[in-house]
Amino acid sequence: MRITRTPAGLTQGSRTKGGIGESTLRPDGTLKVTGEFAYASDLWHEDMLWGFTLRSPHAHARIRSVDVSQALATPGVHAVMTHDDLPAATRYGLEIQDTPVLADGVVRHHGEPVALVAADHPETARRAAAKILVDYEQLPVVTDEESATAPGAPVLHPGRSDHHAGHVPHPNIVHRQPIVRGDAAAAKARTDVIVTGEYEMGMQDQAFLGPESGLAVPADDGGVDLYIATQWLHADLRQIAPVLGLPEEKVRMTLSGVGGAFGGREDLSMQAHACLLALHTGKPVKIVYNRFESFFGHVHRHPAKLRYEHGATRDGKLSYVKARIVLDGGAYASSSPAVVGNAASLSVGPYVVDDVDIEAVALYTNNPPCGAMRGFGAVQACFAYEAQMDKLAAELDLDPVEFRRRNAMSQGAVMPTGQVVDSPAPVAELLRCVKAMPLPPERQWETAGGSPDVRALPGGLSNTTHGEGVVRGVGYAVGIKNVGFSEGFDDYSTARVRLETVAGEPVATVHTAMAEVGQGGVTVHAQIARTELGVARVTIQPADTRVGSAGSTSASRQTYVTGGAVKHACEAVREKVFGLGRERFGSHHPAWATAELLLEGGKVTTDGGEVLASLADVLDGESVEAELEWRHRPTEPFDLRTGQGFGHVQYSFAAHRAVVEVDTELGLVKVVELACAQDVGKALNPLSVTGQIQGGTTQGLGLAVMEEIVVDPATAKVRNPSFTDYLIPTILDTPAIPVDILELADEHAPYGLRGIGEAPTLSSTPAVVAAIRQATGLPLRRVPVRPEHLTGT
Amino acid sequence: MRVTFTVNGRPQEADDVWEGESLLYVLRERLGLPGSKNACEQGECGSCTVRLDGVPVCACLVAAGQAEGREVGTVEGLADHAARRAGGTSADRARQWRPDPADTVELAPVQRAFIDAGAVQCGFCTPGLLVAADELLEHNPDPSDADIREALSGNLCRCTGYEKILDAVRLAAARAAEGD
């Protein structure tokens, strides 16, 4: 089933083949299947050195001394750098510059970079780093709210001067955001049913497959060229240049192939380090993390503890919600403040509640730093509020979907922030869609021959019974995610579009700094250019810093914002073409002046279809170019006391139905099917949209039943930095994921589209856990759900 | 040490190989074949899957010296390998022709299917999956979904949720059956 309600007139331009709405194929697909696509870790340069990072074995320690002499004396080693060798700024950060480039006398988390080595072979660099003698004095660690805010707790960042320092209740709290609306206490007095719950989410890793890597090449002008896998070239640039003591124009960045991101490449990893070594040695330097190092090399999803209290009336209407969300930001701020804003403002979910009292905080601890990961604060909240919705439904003896339907928001609803949801919010419809899908057959392991196909059982080929203790459960969840950067951030993208004739054929060239990380932005840009300019051939230029910022490939924003910039740049080019045409041919035909003109099939036509001139004749050898910045409508910060404000530009919704089978004796879960319905506004590329939804859904499944970075609470050290012990879903763990796509246009967005990347990661996790609860009757307040939670052992 | 072996049907020689180097490192850094990927270097993700005398292995877990005198097949040789196996121009290869010059690269049917089915997103897992899927289809031209899942269970993908990868293998199998 597909519902299309895109209002007429939203799609401008032509209907050229390969335009928006078609499942055109990736322009980089051929290179990616032949192995020729150059990822950042594939780069090579003559005379290149390999960089390696020495990291702290302790979560909190004072560095008494560092002796690099043995490392420097190792044959093949060209340089060793510590904090003392830094030429300029010594700290960086996305929002708060609190992260040392190399440890400055103190390490605050396990794996913090302490020193750099450059050598002619990666193994030489690794062995030399092991010869660096660091004398550590271990310090007590803070690992949770209690220890971080206890009297006498070590303050991790004394003397804070950042813009959140003034309003937080304790210096180990990065940011605090309350949301207060209505009168929750008064509403409680009118409430029939109250449920409370405490929930916990472990630390999830983005686990992108392409490790952090890049190549820095020193240039003759004293600058550096950096080829890098990142999510936002210009944000990197803004942080790297001060560290190198160079003006931004001397740090030239080009995007290399990016092997996935999911938020984990928003912060710097090895960018500044490679440039420092390259400028120090005068030689090209490549740094490639291995998987072990990657677990320390990027921020993770905030683990969270959430306490919720929901009230409802006997007729199944939510009366109030109180919540307290504590996010563990780890040692450095990263994007914790924005994650707090999201968790707080989206804490109630896609439901109508007039009276709310919410508080979200992020902590500084000695745990690994946490920041952006797909879902960004909304994932943690969704797990908790959806568990609460099921609990309330059970208390009220209502079907969980029916209870959600009675409280589902729709267009015009008011968020707890006071913001009116001013585009479609088909929450009830999405739930109806997933509920209406046929259920997968039961006991699929049973075969005609009698012996079970154990591959279809929880546990698969090993660790499995023959299905004796297997029970089935079905669970539902729905979520709400903001799209784009929020809270007053100037969120814009730049696009440069050129139209010219090459060998008699019109060709459009699109140049942006958008980081293609696998999501398919390059596919969509070409589609937009075809639609708007009516040409078949589009060239996508490599992303680099020779063009203005395209913002981050995160917050589900790239198709909306950089796509919007490409669309508007194309429109500007189109107007210039019409201008040229009027100049050259206007006197030949009155329609040039009077008719609505279109660019279609390489020709200028009237809206009635009459051909006025070929594009080649209009251009006559000239090229037409436009470059512009495009912004979505502005947002505003949340009030620091009440959380009120027009904080988000757009909302995105998805719902899931999970069907699970649980072996209650072995504590094993098999997700049998994970159906998703999502409103995408307008599917610019339906194949890619489905791929995003299935991929996001699977990451939510991983969080539900297997994925967690385990941090020892006594030492704050990471215990499982490998794919042997940090498990992500394999093809055997991942079920069929049927997808239902709704297209309800948002009139504020280009083509009516809605950012889609994150919403499916939200409701997937609570749907799976709801299904396990239904199968087992267990309360299950923590994810990932582990075998011992199911067997009670 | 020097390692002499065959890669994608061509004799190769790597000099000054340190004893600790993996086959993956030699392919990527010494022979200029970076198609096999370095996602975990722990034998867990399958992104470096190559064929060693026809058997799929994680190249990161094979010491370079172990490849001495043997035949290695990587993603870069997949199209040639498929063409030799087919013994000529198959219907599928004929259908691959595209007017766009960027699309006229010779591809193995499984490579074409991965593109067409949308099984490629970031693409980092793709080379390993292609080698594994090609090997599966070589000995099992009509695999069930359970067969596909079992054969590809050693290859992690973080982007797609695997649905489109299943689609791609089914598509490659269906096209091969149609072309028979």
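B:Asp147 and A:Arg455 form a salt bridge, with their closest N and O atoms 3.3 Å apart. The pair crosses between chains: B:Asp147 sits in helix H6 of chain B, and A:Arg455 sits in the loop between helix H12 (427–436) and strand S21 (470–483) of chain A. B:Asp147 is partly exposed at 24% relative accessibility. A:Arg455 is partly exposed too, at 25%. The model that holds this pair is predicted.

That bridge belongs to a wider interface. Six salt bridges are counted between chain B and chain A. Another of them joins the side chains of A:Glu707 and B:Arg158, at 2.6 Å from N to O. On the side of chain B that touches chain A, the elements giving two or more residues are helices H1 (23–30), H4 (109–117), H5 (126–139), H6 (145–151) and H7 (163–179). H4(B) gives the most, with six residues. By class, this side of chain B has 26 nonpolar, eleven polar and 17 charged residues.

How far does the contact extend? Interface size is often stated as the accessible area lost when the parts come together. Between chain B and chain A, about 4500 Å² is buried, and carbon and sulfur atoms give 59% of that area. The contact takes 54 residues from chain B and 64 residues from chain A.

Now turn to chain A itself. Chain A is divided into domain 1 (3–36 + 492–631), domain 2 (40–139 + 224–258 + 265–285) and domain 3 (422–484 + 648–791). The centres of domain 1 and domain 2 of chain A, taken over C-alpha atoms, are 40 Å apart. In the contact between them, 16 residues of domain 1 meet 13 residues of domain 2. The area buried there is about 1100 Å², with 57% from carbon and sulfur atoms. A:Val517, A:Thr545 and A:Ser552 supply 38% of what domain 1 of chain A buries against domain 2 of chain A, more than any other three residues.

What polar links cross this domain interface? The rule finds zero salt bridges between domain 1 and domain 2 of chain A. It does find six residue pairs in polar contact, both residues at pLDDT 80 or more. The side of domain 1 that touches domain 2 divides into seven nonpolar, seven polar and two charged residues.

Salt bridges also occur within chain A. A:Arg631 pairs with A:Asp490, the closest N and O atoms being 2.8 Å apart. A:Arg631 lies in strand S28 (residues 624–631) and A:Asp490 in the loop between S21 and strand S22 (492–502), so the pair ties together parts that are 141 residues apart in sequence. A:Arg631 is partly exposed at 37% relative accessible area, and A:Asp490 is partly exposed at 41%.

A:Arg657 and A:Glu673 meet in a salt bridge at 2.9 Å, N to O. A:Arg657 is in strand S29 (residues 650–663) and A:Glu673 in strand S30 (residues 668–679), so this pair ties together parts 16 residues apart in sequence. Buried or exposed? A:Arg657 counts as buried at 1% relative accessibility. A:Glu673 is also buried, at 9%. Elsewhere, salt bridges that share partners join A:Arg26, A:Asp28, A:Lys32 and A:Glu516 into one network. Over all chains, the whole structure has 64 salt bridges.

A:Thr149 is partly exposed at 30% relative accessible area. Its side chain reaches the backbone oxygen of A:Glu145 at 2.7 Å. Not counting residues up to four places away in sequence, A:Thr149 touches A:His170 and A:Ile173.

Definitions and conventions: Residues are numbered from 1 along each chain as its sequence is written. Chains are lettered from A and ligands numbered from 1 in the order in which they are written. This is a predicted model: local features need pLDDT of at least 70, side-chain atom pairs count only at pLDDT 80 or more; totals for chains, interfaces and linings use all residues. Side-chain values use heavy atoms; hydrogens and water are left out. Domain bounds come from an automatic or database domain assignment. Contact means heavy atoms within 4.5 Å. Buried area is the accessible area (1.4 Å probe) that two parts lose on being put together, summed over both. A salt bridge is a side-chain nitrogen of Lys or Arg within 4 Å of a carboxyl oxygen of Asp or Glu. A polar contact is a pair of N or O atoms within 3.5 Å; within protein, one must be able to donate a hydrogen and the other to accept it, and residues adjacent in sequence count only if both atoms are side-chain atoms. Ala, Val, Leu, Ile, Met, Phe, Trp, Tyr, Cys and Pro count as nonpolar, Asp, Glu, Lys and Arg as charged, and the others, Gly among them, as polar. Helices (H or I, at least four residues) and strands (E, at least two) are DSSP runs, numbered from the N terminus. Buried means under 20% relative accessible area, exposed over 50%, partly exposed in between (1.4 Å probe, protein chains only).
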